[in-house]
Amino acid sequence: MKTLAKLPIHPIFLAIYPVSWLYAHNIAEASAMDFLRLALYSLLGGVLLFGLCRLILRNWEKAALAASLALVFFFSYGHLYNALEGFDLMGMVIGRHRILAPLWGGLFLLLYWRLLRPPTVQANWTATLNLSAALLLAFPLAQITASALKDSAPHRTAQDADESHALQIPAGQPAPDIYYIILDGYARDDVLRKNYQLDNSAFLDQLRQMGFFVAECSQSNYAQTQLSLASSLNFDYLEALNSQYTAGYTSRSGLSELIQHSAARRLLQGLGYQFLAFDSGYDPTRIRDADRYFSASADRGLSDFDNLFLRTTAARLISEGVTLLNIPPDWEARDQAHRQRILYTLETLKSLPAELGPKFVFAHLIIPHWPHVFGADGQPVHTHPDSVSGYRDQVIFINKQILPILAQILAESSTAPIIILQGDHGSVIESPQRRMSILNAYYLPGVASEALYSSISPVNTFRVIFNQFFGGDFALLPDLGYYSVYERPYDYTLIPNDRPGCNGE
């Protein structure tokens, strides 16, 4: 043990720590494969750096200290930049790459010179640094392990709660294809009119002419995508799905599992449906184990977690700091991948009626939600997340795109399909009241209008579908809107429906 303590291995721990810390704090929205890949690359980079330092300094202890110092400075630069961005000190903005990078590099060289002088390096430093780095790494690894254990525990779903709902396809009738299309952050028409100066009535009228029922008073049940889709796809409120999802609890463990292996998916697959899913670009809704998983070629590049990690390191200088080299900023590549992903999904949806059924299609399109990458006519743009015009133009663009796609699905389906066109929540820059107000439209062929109502919310979507088409007897739940902030996802504020004429339904 004493011999092991003397081995200078602290650079290895420090190479893995930053990506482990970042994954532990984003575990609900990042994939384990992204983490493992980046951890491996960081480990290899740390080993190579350690070896290079040993080759130059010809001393293992000095090499380890030099490598650890370099790793700390490299991995902390992005965090420091985020903390100081725009910070003004006596008229000088410190949070700029042109100021911060030379200062940070100079401090590194000063410490390097001070610590690595021959009399400075102490023999007992290795054991101390090994222990400190190991303890530092232990904290995020413990968080990751605890989360993995929670995810492996069974979660209660609507199917588990009551197995007496024996669903079946009516004898002698073909099973309809089901399209569940989520337009992320699509606000209700009254919010669009008041806050975005956008009259959406023509779009809604065209939906009605196709045979859609537009729920004019609809609210989302939750204000965040993960919470909303975990609830709608399991047709129940989160507290009923897992008793941990209550006030004071902050982990998002299990939400991705509820989305990716939902009760709706399992019940329909049990009826012989194929499950088809699209790559959304958002890990919780990237359902890669679908019977068919459609992904644009643009997604072979960096993932969102890759980009997040790189932006916490000195690597962000490559995309943001060296503009003199005419290197495009990293957001251009992300925007282009996002554009291609959405265009690919829209184009592929047109072809799905020709696929053998029955099929349950899940398409989560992150639009009109930021990033704003489409102008009103589809031209490439890049605007601030809070841009009113950026959001409005994306609504106009997706309206133009989705209407002919829906018409084509209806025209080319051999059996009239079920289509749900729904926002998972409202606009992200709105007040809690307006953030809960969503687009919610249903095409349910042959279903009497009395089965639907203007204030129906996503939690009742599949309850109505299973009752009307598959002999279910699910009781409809109260349509409630629970607002919460990201940091405290289960500390809810109940949001009443403030649209005139909607109360009391």
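Predicted model: local features only at pLDDT ≥ 70, side-chain atom pairs only at ≥ 80, totals over all residues.
Let's start in a loop: Pro-368 sits between strand S7 and helix H17 (388-412). As background, most peptide bonds are trans, and most residues other than glycine have a negative phi.

Arg-58 is not a glycine, yet its phi is positive, at about 60°. You will find Arg-58 in the loop between helix H3 (32-57) and H4. Is Arg-58 buried or exposed? Its relative accessibility is 66%, so Arg-58 counts as exposed. Gln-197 is another residue other than glycine with a positive phi, here near 50°. Gln-197 is placed in the loop that links helix H8 (189-196) to helix H9 (201-210). With a relative accessible area of 57%, Gln-197 is exposed.

Now step back to the whole chain. It holds 19 helices and eleven strands, and of its 505 residues, 50% are buried.

Next, the inside. The largest nonpolar core has 49 residues, and Phe-360 and Phe-470 are the ones with the most contacts inside it. Which helix gives the most to this core? Helix H19 (residues 461-469) does, with five residues. Leaving aside neighbours within four places in sequence, Phe-470 is in contact with Ala-166, Leu-167, Gln-168, Ile-169, Ile-178, Leu-268, Leu-271, Tyr-273 and Ile-465. There is also a second, separate core, made of 42 residues, and it includes Ile-181, Leu-183, Val-191 and Leu-406.

H19 is mostly covered, with seven of its nine residues buried. Those buried residues are Thr-461, Phe-462, Arg-463, Val-464, Ile-465, Phe-466 and Phe-469. What do the buried residues of H19 pack against? Their partners include helices and strands: H10 (225-233) and H13 (263-270) on the helical side, and strands S3 (178-183), S7 (359-365), S8 (418-422) and S9 (440-443). Just after H19, Gly-471 takes a positive phi of about 70°.

Finally, let's turn to a pair of helices. Two packed helices are described by the angle between their axes and the distance between the axes. For helix H2 (residues 10-24) and helix H4 (residues 60-84), the axes come within 8 Å and cross at roughly 15°. Angles under 35 degrees count as roughly parallel, and H2 and H4 are therefore roughly parallel to each other. Their crossing is left-handed. On the H2 side, the contact is made by His-10, Pro-11, Leu-14, Ala-15, Pro-18 and Trp-21, while H4 brings Ala-64, Leu-65, Ala-67, Ser-68, Leu-71, Val-72, Phe-75 and His-79. What classes of residue make up this contact of H2 with H4? Eleven are nonpolar, three are polar and none is charged.

Terms used
Residues numbered from 1 in each chain as written. Heavy atoms only, no water. Axes fitted to C-alpha atoms, helices over the stretch in contact; angles between N-to-C directions. Helix = DSSP H or I, 4+ residues; strand = E, 2+ residues; numbered from the N terminus. Parallel < 35°, antiparallel > 145°, perpendicular 65-115°, else oblique. Left-handed = near helix turned anticlockwise from the far one by under 90°. Contact = heavy atoms within 4.5 Å. Nonpolar A, V, L, I, M, F, W, Y, C, P; charged D, E, K, R; others polar. Core = buried A, V, L, I, M, F, W, Y, C linked by side-chain atoms within 4.5 Å. Buried < 20%, exposed > 50% of the residue type's maximum accessible area, 1.4 Å probe, protein only.
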